[in-house]
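The structure is shown first, and the points follow by topic.

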Amino acid sequence: VHNASRSQTRSTPGARNSMAASPYGVSGVARSGQGGDSAAPGVPGAISLPDSSDPVASLERQALECLLQLPASLFGLGVETVSPAAFRVPMFSALFAAVSSLGGLDQYAELWRGAEDELGLKGKRAILLANKRWVELVGSSVPAQLKSLVSALVVSPLPQDDPARLNDYARGMWGAMIRGDLARQIADTKARLQRCDPQDERYQQIFTELMSLENRRRQLTQN
């Protein structure tokens, strides 16, 4: 436990195993009359979330709900490889960037180890304590304009209550995010390659980068 690597893709404690132009607007919130879901009642500065019928916004929201509520389920997937640019809803992108700047799942692993040490045991109690401290850390560290978003996401009901199914659900959400981000990176890299002169020394560098991305996508498909 105490020698766990800083890499999120390795063993974890207690485990065996630019706001660009956006269809969601500058703030990323649903406008009045567009069916956005309200944040939890009583939350200061409650916000409106994008329409849940939008599949892109829905996936991004569910992925962030899992990152906040079920972080222990996400090790080994490659969450750390995802860029904030993978999120098309600006406020979701900003929140993911803020969580990443805290250390992402590496930071959660530290909290998990600390909970195990404090309780003197592993298992569900340590995870619940780590989860509580994770939410507190994120909520106290994000910019003021994101605090209501965190408050809304941490109380959002998840579609499963069975632990095994919740684990599969969380990993499925982030698997979809990772595949989508890879597709975006591959498309961007192909475009860069097409714009580059084959005689330019950068051409081979970009081509190598493209091959690496394609290999990662094949590995994900095989798994």
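In this predicted model, helix α1 (residues 55-69) and helix α2 (residues 90-101) approach each other to within 11 Å between axes, crossing at roughly 25°. An angle under 35 degrees counts as roughly parallel, and α1 and α2 are therefore roughly parallel to each other. Helix α1 also packs against helix α6, at an angle of about 130°.

**Packing of α1 with α2**
- The crossing of these two helices, α1 and α2, is left-handed.
- On the α1 side, the contact is formed by A57, E60, R61, L64 and L67, which meet F92, L95, F96 and V99 of α2.
- Sorted by class, this contact of α1 with α2 comprises seven nonpolar and two charged residues, with no polar ones.

**Packing of α1 with α6**
- The axes of α1 and α6 are 9 Å apart, and the two helices are therefore oblique to each other.
- The crossing of α1 and α6 is left-handed.
- From α1, the residues L59, E60, Q62, A63, C66 and L67 take part, and from α6 the partners are Y169, A170, M173, W174, A176 and M177.
- By class, ten nonpolar residues, one polar residue and one charged residue make up the contact of α1 with α6.

**Burial and length of α1**
- Eleven of the 15 residues of α1 are buried, so the helix is largely enclosed by the rest of the structure.
- Among the buried residues of α1 are A57, S58, E60, R61, A63 and L64; E65, C66, L67, L68 and Q69 are also buried.
- At 1.5 Å a residue, α1 should span 21 Å, and the 21 Å between its end C-alpha atoms agrees with this.

**Helix α4**
- The 18 residues of α4 (residues 124-141) should span 26 Å at 1.5 Å a residue, which agrees with the 25 Å between the end C-alpha atoms.
- Buried residues in α4 are A126, L129, A130, N131, W134 and V138.
- The cover over the buried residues of α4 includes α1, α2, α3 (104-119) and α5 (144-154).

**D181 in α6**
- D181 is located in helix α6 (residues 163-195).
- With a relative accessible area of 2%, D181 is buried, since buried means under 20%.
- Although D181 and V82 are separated by 99 residues in sequence, their C-alpha atoms are 6.4 Å apart in space.
- Leaving aside residues up to four places away in sequence, D181 touches T81, V82, S83 and A86.

Key
Residues are numbered from 1 along each chain as its sequence is written. This is a predicted model: local features need pLDDT of at least 70, side-chain atom pairs count only at pLDDT 80 or more; totals for chains, interfaces and linings use all residues. Side-chain values use heavy atoms; hydrogens and water are left out. Axes are lines fitted to C-alpha atoms, for helices over the stretch in contact, and angles run from 0 to 180 degrees between N-to-C directions. Helices (H or I, at least four residues) and strands (E, at least two) are DSSP runs, numbered from the N terminus. Angles under 35 degrees count as roughly parallel, over 145 as roughly antiparallel, 65 to 115 as roughly perpendicular and the rest as oblique. A crossing is left-handed if the near helix is turned anticlockwise from the far one by less than a right angle, and right-handed if clockwise. Contact means heavy atoms within 4.5 Å. Ala, Val, Leu, Ile, Met, Phe, Trp, Tyr, Cys and Pro count as nonpolar, Asp, Glu, Lys and Arg as charged, and the others, Gly among them, as polar. The expected span of a helix is 1.5 Å times one less than its number of residues. Buried means under 20% relative accessible area, exposed over 50%, partly exposed in between (1.4 Å probe, protein chains only).
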